[in-house]
Amino acid sequence: VGITHYVGELFGGGIVVAVWKESGVEKGLIASLTDVSASAQYSSITGTLIGATAQSPIDGQANTTAIVAQGDVSGAAYLCANYTSGGFSDWYLPAAWELNQCYNAAFVVNTILGATNGFQFATYWSSTESVSNAAWGRSFGTGSPNNGSKGGNFRVRAVRRF
């Protein structure tokens with residue numbers, strides 16, 4: 001009946017940042033153990049609207065798939081989609097609310113992973129597109145959401161679910 005996994009647990013190739021139950025089945029969100037990039041654009045395509053398939057606040061996997069399908073070959077979504085760690089290759093760029101779960105867990109994550117591998121006091125990309133030339137990110141310094149230019153360079157941390 002209880003939850004077996006916990007925030008801060010090293011599991012599934014990364015570190016658990018959120019745990020919940022759906023219809024009695026335990027689910028969770030895992031962040032990669034390090035940033036995938038210290039500085040990347042949202043996508044290699046910075047001025048074209050992807051649309052509803054890349055605008056989910058909760059489904060980063062679907063957003064990432066849509067961004068890469070548009071032709072991204074070097075941006076944050078591409079880097080996460082092609083990331084392999086811990087024997088897993090199903091990593092993706094978190095949606096805005098998934099990134100918020102990472103932010104909420106940052107104190108615990110950084111206590112375990114340390115200052116170098118933990119979340120940095122900087123802005124991270126989410127996969128949630130807002131308009132043709134901008135997408136959502138979050139400042140891990142202030143906690144504020146950031147509607148940044150797709151051509152801007154922010155940090156990238158991959159996530160996966162269990």
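This is a predicted model: local features need pLDDT of at least 70, side-chain atom pairs count only at pLDDT 80 or more; totals for chains, interfaces and linings use all residues.

Select residues 123–131, which make up strand β5. Of its 9 residues, 7 are buried, so β5 is largely enclosed by the rest of the structure. Together they form a hairpin, with 2 residues between the strands. Which residue of β6 is the bridge partner of Thr123? Click on Ser139: that's the one.

**Stop two: the open sheet.** Next, colour β1, β2, β3 and β9. In that order, these 4 strands make an open sheet with antiparallel pairing. Which strands stand at the edges? Look at β1 (10–11) and β9 (159–161): each has a single partner strand, so one side of each is left without a neighbour in the sheet. Zoom in on the β1 end, where 2 bridges tie β1 to β2 (residues 14–22). Show Leu10 here and you'll find Ile15 of β2 standing opposite.

**Stop three: Gln101.** Select residues 96–104 to bring up helix α3, then pick out Gln101 within it. Gln101 has a relative accessibility of 33%, so it counts as partly exposed. What does Gln101 touch, leaving aside its neighbours within four places in sequence? Show Val17, Ala18 and Leu29, which are its contacts. To finish, draw a distance from the C-alpha of Gln101 to that of Asn146: the two residues are 45 apart along the chain, and the atoms are separated by 15 Å.

Conventions: Residues are numbered from 1 along each chain as its sequence is written. Side-chain values use heavy atoms; hydrogens and water are left out. Buried means under 20% relative accessible area, exposed over 50%, partly exposed in between (1.4 Å probe, protein chains only). Two strands pair if DSSP finds at least two bridges between them. Contact means heavy atoms within 4.5 Å.
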